[in-house]
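Please keep the viewer open while I talk.

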Amino acid sequence: MATPYYKMYINGKFVDTDSGKNITVISPNDESVLGTVPSATVEETREAIDAATEAEKTWHRVPAPTRGMYLHKLAEEIRKDPEPWIKNLQVEQGKIRSLAETEVNFTADYFDYMAAAGRTYKGEVIQSDNKDETLLLKRMPIGVIAGILPWNFPFFLIARKMGPALVTGNTIVLKPSSDTPIGALEFAKLCDKVDIPAGVVNFVTGPGSVVGNELSKNPKIGMASLTGSVGAGKRIMSAAAEHVGEVSLELGGNAPAVVCDDADLDEAVTDIINSRFDNNGELCNNVQRVYVQENVADEFMKKLTAAVKKITVGDTVKNPKIGMGPLINKGALEKVDSQVKQAVKEGAKVVTGGKPVDGKGFFYEPTILTNVKQDGSAIQDEIFGPVLPVMTFKTLKEAVDMCNDSTMGLTSGIFTKSLDRAAYAINEIQAGETYVNRNYFEAMQGYHAGVKESGIGGSDGMHGILECTDTKVVYIQRHPDNI
């Protein structure tokens, strides 16, 4: 059986590459070949940018509610037959069945939410110092937006980048991850089916060193929007600085969770497990380090360990009841394993798990580490996999200080029945989000943004929509005598 080949989508057409190179896509479940996609050249990336630049000249004149209707149509198409998208996420990215269903349904809802913004995002009327003068602040499209996608939520992130960009009058060039490009190129067929005008949406596949670099440094790109690593974010900032381009960066997380002695420990364990081992531990929102008050630490650890040992690992396509799937590729598996080994060298104790699963695929055992130190690698370095280091604390102030002892600040959380303790954590933890007594999963009407090295700008809600706009202040001097 021939290996499936998927083409890029540039200026309303499905196109091949002149590079003579392809990217082979491997399933993390069993290391089988799923297909190949083009490895684009710089010139082909520029073709997509030029097409988006030309299309934006007319797209921004289309009424915003009409632009939103295209997003509604995409949502309708997803809901007509969600199963192929669910299966793709399981096979190409390694999601468990239930999370794949959630991602697909959430994506459709997200497109609908962004479509409705065509009638709700707005500018301002500003009071003037002068007689018979009106000041207006208009929200204008930036122009062409580059959306550089990660592999961990490859379907939803299309909507998160594309939805607010299109409804506010921008056009977009999307670069899928080379680990998960197939779903994105299949989604391009939906864009074509609902007749989004040529050039408004473009999908270009290829390595970050070629496609991503051009999308960052090309002066025709108004904003480069990345969800990815801190290192990738810094490279994009550097490239965009050459033409003073805007950037929107969602980067690393290393999120803390504080468990106080008055917390509902069963609730805390459930929410922390869902937040840490969700998406195979490959999520910037995930709880990545736990601080538990020392007088309840033993009880908490018993409950946590028992629950983690129940998590089953395997191919969720073959067994939909499996609780956790594989890491994305061999490199990710090796990195997580090396990080655990390094933590052990530093004195950490493996309570459960701690090694790769034998056999095909990139599976790693759900792992708990104790006896870790605040300045150790298990706490300071983001582990992008199913590994959970646990420390104890005496006072909440001590816990919050340890939470803030990080270069990152995306999400955070506290488990407590005390309003005073929750308020203290909310005000003092340095993070873009704080979750109180719940798992770490954001709402589309919120605003997902980090501080420190976790990023610049943000996504979701009205604030995320306005990220895709520039402002223009208009001064209108009236002449009543001419009436």
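The model is a predicted one, in which local features need pLDDT of at least 70 and side-chain atom pairs count only at pLDDT 80 or more, while totals for chains, interfaces and linings use all residues. Residues are numbered from 1 along each chain as its sequence is written, and side-chain values use heavy atoms, with hydrogens and water left out.

By that definition Asn 254 is buried, its relative accessible area being 1%. Asn 254 sits in the loop that links strand S11 (246-250) with strand S12 (255-259), where helices (H or I, at least four residues) and strands (E, at least two) are DSSP runs numbered from the N terminus. Most residues other than glycine have a negative phi. Asn 254, although not a glycine, has a positive phi of about 50 degrees. Asn 437 also has a positive phi, near 55 degrees, and belongs to the loop between strand S19 (433-436) and strand S20 (448-449). Is Asn 437 buried, or partly exposed? Asn 437 counts as partly exposed, at 26% relative accessibility.

Now to the sheets, for which two strands pair if DSSP finds at least two bridges between them. Seven strands make up an open sheet with mixed pairing, in the order S14-S15-S16-S13-S12-S18-S19. Strand S14 (349-352) and S19 are at the edges with a single partner strand each, so one side of each has no neighbour in the sheet. From one strand to the next the twist averages 25 degrees, with axes being lines fitted to C-alpha atoms, for helices over the stretch in contact, and angles running from 0 to 180 degrees between N-to-C directions. Strand S18 (residues 411-415) and S19 run parallel and are joined by four bridges, and Ile 414 stands opposite Val 436 in S19.

Helix H13 (residues 396-404) lies across S12, strand S13 (287-293), strand S16 (387-393) and S18, and runs at about 145 degrees to S16. Its buried residues are Leu 396, Ala 399, Val 400, Met 402, Cys 403 and Asn 404. What covers these buried residues of H13? The cover includes S12, S13, S16, S18, helix H14 (419-428) and strand S21 (451-452), where contact means heavy atoms within 4.5 Å.

The other sheet I want to show is open and antiparallel, with three strands in the order S5-S6-S24. Its edge strands, strand S5 (124-126) and strand S24 (469-477), each pair on one side only. Three bridges hold the antiparallel pairing of S5 with strand S6 (residues 133-141), and Val 125 has Leu 136 in S6 as its bridge partner.

Next, the cores: a nonpolar core is a set of buried Ala, Val, Leu, Ile, Met, Phe, Trp, Tyr and Cys residues joined through side-chain atoms within 4.5 Å. The largest has 61 residues, and those touching the most other members are Leu 74, Met 162, Leu 166, Phe 187, Ile 196, Val 201 and Phe 203. Helix H4 (residues 97-116) gives the most to this core, nine residues. A second, separate core has 31 residues, among them Cys 260, Ala 332, Leu 369 and Val 400.

Grid points are joined across faces, edges and corners, and a volume is the space filled by probe spheres set on the points.

The largest pocket holds about 1000 Å³; 39 residues line it, and Trp 151, Gly 228, Ser 229, Ala 232 and Arg 235 lie nearest its centre. Five cavities of 30 Å³ or more are counted, and the largest cavity holds about 200 Å³. Which element supplies the largest share of the lining of the largest cavity? That element is H4, with four residues.

Definitions and conventions: Buried < 20%, exposed > 50% of the residue type's maximum accessible area, 1.4 Å probe, protein only. 1 Å grid on protein atoms, 1.4 Å probe; cavity = no way out; pocket = protein on both sides within 12 Å on 5 of 7 lines; lining within 4 Å.
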